[in-house]
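Visitor: I am new to this structure. Could you walk me through it?

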Amino acid sequence: MSAEQTKSRILEAGFREFAEYGVAGARVDRIAKSAACNKNLIYVYFGSKEALFSSVLERHLSEAYVSLPFTPEDLPGYARRVFDFAQANPGVYRLLAWATLERGAALPPARAREHDSTLPLILAQQECRAIQPDAPPALIMMAVMALATAWSPVFPFGATANPDADLSPDTIRDTIAGMVARIVAREGPDTAAANAATPPAATGTSVPEPAPPPR
């Protein structure tokens, strides 16, 4: 087995271990056993358990950034894609939750760069009056991400708090997109235009039937 193959197996085993136990609770012995490698190789390749965690998180966040291109001109559509990603990859959000909770787990610099790069794009949309200008871009981004990931099993007030909720993924996705559309829409006459890009199901409203022509 090549060094690169061994590293890949360690990263995969580390992902499973860290998603389940976090940094403090993870055990290098278990990671080595799962990766079918010598424990010392983990320290040779990554230096420490904390550094391995950062490498694991960076790897999965990089994949997320590639599969989730940011579209400031269509934040409801972006929220839809983030929702789907969160449902399909709960382990990634568990890693982020552990990284937030545990002081010893440093977030990869790429995460800050990715987040910071979205804010000028949102501001540009506000300046051209495409979306409402009152809220700071950071709060708009926070609202989009919070809504899009809130039904993940990691979030305490989403699916885990509502086990009997009879809601399909399509219903949840459409409703979230509608919420985002209303958050970013300009107030006043242009609000309807801002919501026009979102399907009727996403806004939770029905499209009225056209009035019959005058007789």
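Guide: Helices here are DSSP runs of H or I with at least four residues, numbered from the N terminus. The model is a predicted one. With that numbering, glutamine 132 lies in the loop between helix 7 and helix 8.

Visitor: Is glutamine 132 buried or exposed?
Guide: A residue counts as buried under 20% relative accessible area. Glutamine 132 has a value of 10%, so this residue is buried.

Visitor: What percentage of the residues of the chain count as buried?
Guide: The cut-off is again under 20% relative accessible area. The chain has 215 residues. The buried share is 38%.

Visitor: How many residues has the largest nonpolar core?
Guide: Ile10, Phe18, Ile42, Leu52, Leu75 and Leu95 have the most contacts inside this core. Among the helices that each supply at least two of its residues are helix 1, helix 2 and helix 3. In soluble globular proteins, nonpolar side chains tend to be buried together. The largest nonpolar core has 45 residues.

Visitor: Which residues does leucine 95 touch, not counting those up to four places away in sequence?
Guide: Contact means heavy atoms within 4.5 Å. Leucine 95 is one of the core residues with the most contacts. Its partners beyond four places are Phe15, Phe18, Ala19, Phe53, Val56 and Leu57.

Visitor: Which helix gives the largest share of the lining of the largest pocket?
Guide: This pocket has a volume of about 840 Å³. Of its 27 lining residues, Tyr93, Leu96, Arg111, Met145 and Thr149 are the closest to its centre. Helix 4, helix 5, helix 6, helix 7 and helix 8 each supply at least two lining residues. The largest share, 6 residues, comes from helix 8.

Visitor: How many charged residues has the lining of the second largest pocket?
Guide: About 160 Å³ of space lies in this pocket. Its lining includes Trp151, Phe157 and Thr171, and helix 9 gives the largest share, 5 residues. By class, there are 8 nonpolar and 3 polar residues. The number of charged residues is none.

How values were computed. Residues numbered from 1 in each chain as written. Predicted model: local features only at pLDDT ≥ 70, side-chain atom pairs only at ≥ 80, totals over all residues. Heavy atoms only, no water. 1 Å grid on protein atoms, 1.4 Å probe; cavity = no way out; pocket = protein on both sides within 12 Å on 5 of 7 lines; lining within 4 Å. Points joined across faces, edges and corners; volume = space filled by probe spheres on them. Nonpolar A, V, L, I, M, F, W, Y, C, P; charged D, E, K, R; others polar. Buried < 20%, exposed > 50% of the residue type's maximum accessible area, 1.4 Å probe, protein only. Core = buried A, V, L, I, M, F, W, Y, C linked by side-chain atoms within 4.5 Å.
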